[in-house]
Amino acid sequence: MPEIYDIAIIGGGINGCGIARDAAGRGLDVYLCEKGDLGGATSSASTKLLHGGLRYLEHYEFKLVREALQERERLWAIAPHFVRPLRFVLPYMPGMRAKWQLRLGLFIYDHIGGRVRLPGTTNVRLAGQALGEGLASSLKSGFEYSDCWVEDNRLVVMNAKAASELGAVIETHTAMTAAKRDGDGWSVTVSLGGHQRTIRARTLINAAGPWANDIVSRTAGRPARGKVRLVQGSHIVVPKLYAHDRCFIFQNSDSRIFFTIPYEGDYTLVGTTDRDFDGDIDQFSATEQEKAYLCNAVSRCFDKPLTTADIVWSYSGVRPLYDDGASAAQKATRDYVIEVDEEAGIGLISIFGGKITTYRRLAEAVMDRLEPLLARDKAKLVAARAGWTGRTALPGGDFAIDAFEEQLAALRARYAFLPEEQLRRLFTYYGSRLPLVLGQAKSLSDLGRTFGAGLTEAEVDYLVREEWARNAEDIVFRRSKLGLNMRSEDIAALDRFLEGKRQSLAG
Ligand SMILES: Cc1cc2nc3c(=O)[nH]c(=O)nc-3n(C[C@H](O)[C@H](O)[C@H](O)COP(=O)(O)OP(=O)(O)OC[C@H]3O[C@@H](n4cnc5c(N)ncnc54)[C@H](O)[C@@H]3O)c2cc1C
């Protein structure tokens with residue numbers, strides 16, 4: 001552990017972990033603390049799309065859309081195991097945006113820059129076609145275009161993993177409680193289970209997402225100049241609405257859009273809502289009103305009504321958007337703003353806003369702002385390695401985009417005892433590192449105890465040892481979504497198993 005870190009990052013969401021990876025790969029001494037689980041807040045509550053955001057074109061956010069579209073394919077290339085292309089169907093809906101408006105938006109989306117491998121827009125017929133199965137009869141045709149899907153928590157954890165393999169110190173369940181200027185840096189007090197400790201760092205990076213304002217006032221001793229606008233977004237998971245693999249992007253009667261996305265085999269993910277949030281950021285969930293809103297939206301587009309009784313699971317997050325003064329929550333910018341705090345003395349960088357899709361570019365922008373604050377030798381290092389994160393695979397992703405099936409086939413031969421569905425899921429999560437999870441196993445029983453839904457002791461051990469997982473929720477609702485197919489008693493048994501493990505390690 002160095003006597004003084006170059007940077008201390010507060011927050012282990014996608015932005016904090018992305019910055020940690022970039023900085024550690026440029027030779028900096030990095031410390032990151034996360035008060036809960038990695039990606040435990042907004043970064044695991046997203047719609048899980050790597051997208052330019054078709055609707056941001058209506059707000060003239062061309063720079064954001066272009067940058068995000070470029071990132072979409074770049075992230076696919078560095079994480080081909082848990083990023084995959086998706087086709088979206090945008091139905092034409094009488095009384096909503098005109099056909100020519102949709103076509104024009106998609107033309108810009110296809111040609112604004114950034115689309116290299118993904119197929120472009122096509123016209124599609126829905127009426128009488130498998131694609132239109134279950135849809136309201138008024139939806140007869142539309143357009144199909146491309147974006148990508150990402151397992152959001154995997155992206156966060158693999159950035160943290162890469163950072164730690166490059167020497168970064170990552171501490172979870174560790175909250176930053178105070179920080180004060182101290183000679184040429186900061187003294188940062190962190191608390192793990194009530195036990196306080198101080199570390200020193202030259203620069204503080206505030207990547208606390210919805211808590212960013214709180215961190216500014218704790219460190220700079222004054223309210224933040226830039227402001228976070230908290231906007232809640234909720235999703236519901238319901239039994240599969242249709243058999244095909246396309247997502248729909250529908251326009252709702254309030255001119256918002258929402259998605260239906262095939263999810264975890266047997267389900268459809270529906271989201272999202274967009275409402276200003278003024279509750280307790282440490283404790284909230286999807287409201288009954290939001291659930292009803294999403295069910296009503298689906299019911300207008302499908303021939304069978306959806307009710308809140310159909311909901312299998314829901315999750316909710318708060319977007320830490322930059323407050324640009326927009327009147328409606330859905331109109332607030334999704335772009336990021338980086339604030340270097342001069343009043344607090346050099347060395348406090350705060351992040352406001354952003355998207356999962358653009359986290360890597362945000363990390364690069366933070367490195368640019370950091371460079372002048374570093375000693376000359378470190379600044380040189382930082383400049384020399386600019387852009388490296390877009391050229392280097394994330395852990396497990398060191399194979400070509402089009403080699404997914406080939407890699408999977410090789411593992412199928414090696415682990416022939418695994419059911420196909422389980423193997424595919426494991427490869428999607430761990431990619432080329434799957435042998436580190438399964439080891440020399442020759443049969444299912446070699447993987448130890450099973451907890452349900454294909455979760456084995458070998459995988460649980462790996463997640464605890466290598467991926468900072470501590471409790472059942474980390475494993476079955478964040479690192480995976482296996483909890484959807486597990487009984488509550490299986491999840492409780494997993495928690496008891498993990499507690500027993502912790503006690504035997506402590507004893
Ligand atoms: C409903 C919804 C849908 C979305 N869909 C998409 C999408 O499809 N595609 C996309 O690109 N983006 C999407 N986004 C946006 C994206 O999820 C966010 O921009 C991104 O996750 C923000 O990441 P973050 O790291 O800034 O914040 P967070 O993930 O919230 O991380 C901040 C972390 O800081 C920690 N922290 C706070 N205070 C302290 C402290 N004192 N000490 C230590 N740690 C602390 C918190 O515990 C938290 O884990 C969506 C957002 C929402 C809410």
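**A walk through a predicted protein model**

N159 has a relative accessible area of 0%, and N159 is therefore buried; buried means under 20% relative accessible area, exposed over 50% and partly exposed in between, computed with a 1.4 Å probe and protein chains only. The structure is a predicted model, in which local features need pLDDT of at least 70 and side-chain atom pairs count only at pLDDT 80 or more, while totals for chains, interfaces and linings use all residues. Residues are numbered from 1 along each chain as its sequence is written, and side-chain values use heavy atoms, with hydrogens and water left out.

N159 belongs to helix α4, residues 152–165. Helices (H or I, at least four residues) and strands (E, at least two) are DSSP runs, numbered from the N terminus. Apart from neighbours within four places in sequence, N159 is in contact with I14, C17, G18, R21, Y359 and L394, where contact means heavy atoms within 4.5 Å.

The view may now be widened to the whole protein. The protein contains 14 helices and 20 strands. Because a compact globule of 507 residues would have a radius of gyration near 23 Å, the 23 Å of the protein agrees with that expectation; this radius is taken over C-alpha atoms, and the globule rule is 2.2 Å times the number of residues to the power 0.38. Along the principal axes, the C-alpha atoms fill a box of roughly 70 × 60 × 40 Å. Of the 507 residues, 58% count as buried. Among contacts with a separation of 6 or more, 71% are made by residues 24 or more positions apart.

The domain assignment divides the protein into domain 1 (5–42 + 154–227 + 333–390), domain 2 (84–150 + 229–320) and domain 3 (401–506); such bounds come from an automatic or database domain assignment. The centres of domain 2 and domain 3, taken over C-alpha atoms, are separated by 30 Å.

In helix α12 (residues 457–466), the buried residues include A458, E459, V460, Y462 and L463. After α12 comes W468, which has a positive phi, near 60°. Helix α14 (residues 488–506) holds R496. Because its relative accessibility is 57%, R496 counts as exposed. R496 and A472 are 24 residues apart in sequence, and their C-alpha atoms are 8.9 Å apart in space.
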